[in-house]
There are 2 protein chains.
Amino acid sequence: VSLHDEILEQPAVASRFLETQAAAIDALAAALRDRRDQIEHVVIAARGSSDHAAIYAQYVLGIRHGLTAGLATPSMVSLYGADPSQAHTLVVAISQSGASPDIVAVVDAARRQGAPTVAITNDTASALAAAAEWTIDMSAGPERSIAATKTYTASLLAIAALSAALGDDADRRALGSMPGAIGSMLELEGAMASIADAHARADRALVVARGYEYATAREWAIKIKELAHVFADPYSAADFQHGPVALVEPGVPVIVVVRDGPAAAGLVELLGRLRDDFDADVTVLSDVPEALAQASRAVPLPPVAAEWLAPIATVVAGQLHALHLTRARGLDPDAPRSISKVTRTR
Amino acid sequence: VSLHDEILEQPAVASRFLETQAAAIDALAAALRDRRDQIEHVVIAARGSSDHAAIYAQYVLGIRHGLTAGLATPSMVSLYGADPSQAHTLVVAISQSGASPDIVAVVDAARRQGAPTVAITNDTASALAAAAEWTIDMSAGPERSIAATKTYTASLLAIAALSAALGDDADRRALGSMPGAIGSMLELEGAMASIADAHARADRALVVARGYEYATAREWAIKIKELAHVFADPYSAADFQHGPVALVEPGVPVIVVVRDGPAAAGLVELLGRLRDDFDADVTVLSDVPEALAQASRAVPLPPVAAEWLAPIATVVAGQLHALHLTRARGLDPDAPRSISKVTRTR
């Protein structure tokens, strides 16, 4: 089983997830609704790619459910012995392996305080699943590749499914379209491979997005770093314009993701600046014609049922780009140096 | 007034801050103590360098005061119109200019909900100061350089002063030693300049720390990016070992900050791995002999009164390194390309 196989497996994983986990997620949503007046905040504990799923959760919970969600800093608990108050807090832990001691420590501490806890993991027999009150099974099957792909989209889908279960029928219908939306992204493989070829000589890159898709920029960049060993820096468009735009120069490709929605106008403006003031090599992935028109390389994105669900599909283009960039740089995506599948950091 | 002048000005700014703001901070601490049972969480709104002050606040408030502090995602409010619940929440906004509309929007929304709000700003006549219930004046004087230095250390000092005001006499005494501690760091200029010369040909770099000093790694990296246009990637040691350690290769200098404390042992272990498995070019700044012993380039750090205060001093070494790296690369630290002092992102 190669990384490529696991990328291709994602529509099937998504279908299986939605089928097998629907009942568990409905039950969790009902329990959370019962305890809604005790939940004022959400704390999310994660590391690596799961951190980017946590960022997605921050936007989904904040925009769609009015909940302030913050990312836990696990070392505070595991190293410094802090026991921050989890009053009125829902704690969500995201970990493929469920084996990271510092993530488990955050859930243990929350549980001792009586806070509701949810684990999103691909191993229901893990320490994390045992520690949490509720568990959502990523249902992704064994992930052999060291770089996470199908467990990343499954994590996002878990968060989206919980949001839809707390939402209305339109949300559930939109959610049901995601396996197909992920499948449509696979058709971009040829386009992403040829862009990767064009990027093969760069050892630095920038990935920019805003709003929901900021999680995609983060995940895309880390895939490029881990696999292709290119210094890819992800930015929210707001922070990018504040300073790091200074990094744009010849030999530094810029990738910008623009989805139709409230963040689009500002990104189109940024694209104009990148073209006029920087003469930058800009790849644009978008379903917004004005954004595509400003690109050096334009990749039209298949539409999705709702903006808030888009990152579950969009990231697949990033996975394909990172895979082909790795090959184009003469490296083996199935034998990356120096990363291990399970983080055991304390 | 040059960037170099403003770096050198920091001990004086710190002294002035502590003298002029003591009464206001004591009053704020007293008010927060009175409302302590209404405060279960802290949300911090910031952008750019202030984001790194927010990370410092996360650790200080979590470890020393048992408060979960999360970073706001301002675009949720400003772009998507979300109005997340701020029940039982203290909202702290950090902005040198106080002019960023999206940061002001977060404070406005919190205030409408009746949440206590604090602005840490260098402009007490700003929109942010007007929006917040309480204001702490960075008292840094006009910052002419586009790269923030003295307002960054003043922001950290503001957070530390608030923590000390909520703490005991030993905390206040330790705080009082910080102008001197910042002054001691200035004596490292020669060492940092010669390391910068050695790094002059690298267009990529890694900065690693953990715990309180993670904020320093983030701030150091952004200074290198903005001024020297080097892709400097900051990591918490835990995340670094999970994947990005793959980026270590010849031509990529690694900078590691190790302060005596709970995070030191893990960092010393990482340093051993970087030396034995990667033959990496590693600069270590530390007050821990075991860490310095593993370095290609060792910079002994002057001791500080308490680990939690160390980032206020340590970052000065990073500022000096970034300044000299910029010059060594033939660029002008007083005329960086493409960054503007005030972010007006919505």
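1. Against which strands and helices do the buried residues of H5(A) pack? In this predicted model, they pack against strand E1 (41-45), strand E3 (89-95) and strand E4 (117-121) of chain A, and also against helix H4 (74-78) and helix H6 (127-131) of chain A.

2. The residues concerned in H5(A) are A:Asp102, A:Ile103, A:Val104, A:Val106, A:Val107, A:Ala109 and A:Ala110, which are buried.

3. As for its geometry, helix H5 (residues 101-112) of chain A has twelve residues and spans 16 Å from its first C-alpha to its last, close to the 16 Å expected at 1.5 Å a residue. Just after H5(A) comes A:Gly114, whose phi is positive, at about 80°.

4. Elsewhere in chain A, five strands form an open sheet with parallel pairing, in the order E7-E6-E8-E9-E10. Strand E7 (231-236) and strand E10 (297-300) of chain A are the edge strands, each of them pairing on one side only, and the twist from one strand to the next averages 15°.

5. Within this sheet, strand E8 (residues 254-258) and strand E9 (residues 282-286) of chain A pair in the parallel sense over five bridges, and A:Val257 stands opposite A:Leu285 in E9(A). Helix H13 (residues 264-278) of chain A packs on the sheet, where it touches strand E6 (204-209), E8 and E9 of chain A, and the direction of H13 makes about 155° with that of E8(A).

Key:
Residues numbered from 1 in each chain as written. Chains lettered and ligands numbered in written order. Predicted model: local features only at pLDDT ≥ 70, side-chain atom pairs only at ≥ 80, totals over all residues. Heavy atoms only, no water. Pairing = 2+ DSSP bridges. Helix = DSSP H or I, 4+ residues; strand = E, 2+ residues; numbered from the N terminus. Axes fitted to C-alpha atoms, helices over the stretch in contact; angles between N-to-C directions. Contact = heavy atoms within 4.5 Å. Expected span 1.5 Å × (residues − 1). Buried < 20%, exposed > 50% of the residue type's maximum accessible area, 1.4 Å probe, protein only.
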